[in-house]
Amino acid sequence: MLAGLSDRFPALEGWMRQVQALLDPVRVVLVPSDDALTLTWSLQGEPQVTSVPLPQDLVRAGVPLQREVLGDTLADLLLDQGLVAAQVEVELLLPLPCCEWRRLQGAAAATLSNGDDLRALGPDLGWSLSLQESYLDLVPDTRTKTVMVVGAERMVLQAWLDTLAAADLSVRRAEWLLCAAWRGLACSHEQDLQQPLIWLVEQGGSWRLLLLEHGWPELDVALEARDLAALRVEVLGLVDAWREQNCEKGSAVMDLPGWCVTADAAWKGRWGESHDALKLGPLLGDAEMSLVELALMAPAELP
């Protein structure tokens with residue numbers, strides 16, 4: 001009966017869709033970058049992914065510059081997939097340049113429960129961000145008196161929220177792309193993270209090196225090299241310095257670390273072509289998935 005009515009009155013179908021959306025909203029993950037908007041959601045239990053390239057200067061260094069245009073682009077992209085704003089709840093993964101993070105350890109770190117606690121403590125995190133002008137997220141580990149602090153400039157986060165508002169979209173939550181990918185890494189390499197891990201991350205041709213101890217980033221360095229030969233020289237130099245520093249601190253000889261490369265498909269298998277596992281440590285992943293793909297598979301919490 002209802003199907004027959006929707007055939008005779010097309011407007012009724014749209015109204016019914018909106019009512020259904022209010023009862024059963026669709027969780028959509030938005031991953032913006034300077035070059036593209038990527039969306040993922042679930043349809044009858046199957047993951048769906050779509051992406052649209054962006055013209056230059058709509059987003060620069062992770063910051064939306066033309067919010068109305070971006071909002072219209074996002075709304076059109078959703079409509080193309082049969083999704084309307086009223087039925088969507090967005091989870092936003094902020095672009096790499098938008099945030100910074102730092103691991104804090106010790107008794108003082110164990111007492112931190114929110115961003116206000118950290119602002120009151122006022123540590124020097126070596127950030128370009130101001131603690132007072134940033135949104136702060138804390139990821140604690142009470143077992144080791146460790147907390148990971150993630151910060152995003154208020155104006156940048158607000159710019160993305162305004163962009164989503166221009167598309168009439170509600171925001172369920174927002175976090176940093178790299179933080180979500182870190183959880184994805186922890187999920188897929190949980191056993192390997194008991195030992196030191198060297199994590200190479202690429203997006204848009206830029207690389208960063210993360211050195212993980214027991215799964216927690218100890219060091220996060222933006223790399224200058226772009227081509228593989230120069231990248232290998234830069235990375236091995238940093239890793240050697242890291243291992244020497246640990247030895248100078250009186251640590252026992254470090255076990256060979258594991259290596260994991262997270263990069264776009266064009267890099268798949270390339271690091272392993274010259275990787276000496278006996279000398280450097282086992283290669284656990286060689287660009288089998290991109291940073292976005294790793295972030296999208298992340299669980300809600302660290303394992």
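1. The count comes to ten salt bridges, a salt bridge being a side-chain nitrogen of Lys or Arg within 4 Å of a carboxyl oxygen of Asp or Glu. The model is predicted, so local features need pLDDT of at least 70 and side-chain atom pairs count only at pLDDT 80 or more, while totals for chains, interfaces and linings use all residues. Residues are numbered from 1 along each chain as its sequence is written, and side-chain values use heavy atoms, leaving out hydrogens and water.

2. R27 and E91 form a salt bridge through their side chains, at 2.7 Å from N to O. Because R27 lies in strand β1 (residues 26–32) and E91 in strand β6 (residues 88–94), the pair ties together parts 64 residues apart in sequence. Strands here are DSSP runs (E, at least two residues), numbered from the N terminus.

3. E91 is buried at 8% relative accessible area, whereas R27 is partly exposed at 43%. Buried means under 20% relative accessible area, exposed over 50%, and partly exposed in between (1.4 Å probe, protein chains only).

4. E91 also forms a salt bridge with R172, with the closest N and O atoms 3.4 Å apart. R172 lies in strand β10 (residues 170–176), so this pair ties together parts that are 81 residues apart in sequence. R172 is partly exposed, at 49% relative accessibility.

5. R27, E91 and R172 belong to a network of salt bridges that also links R173, E175 and R183.

6. The side chains of E218 and R103 meet in a salt bridge at 2.4 Å, N to O. E218 is in strand β13 (residues 216–222) and R103 in strand β7 (residues 99–105), 115 residues apart. R103 is buried at 17%, and E218 is partly exposed at 41%.

Note on methods
Helix = DSSP H or I, 4+ residues; strand = E, 2+ residues; numbered from the N terminus.
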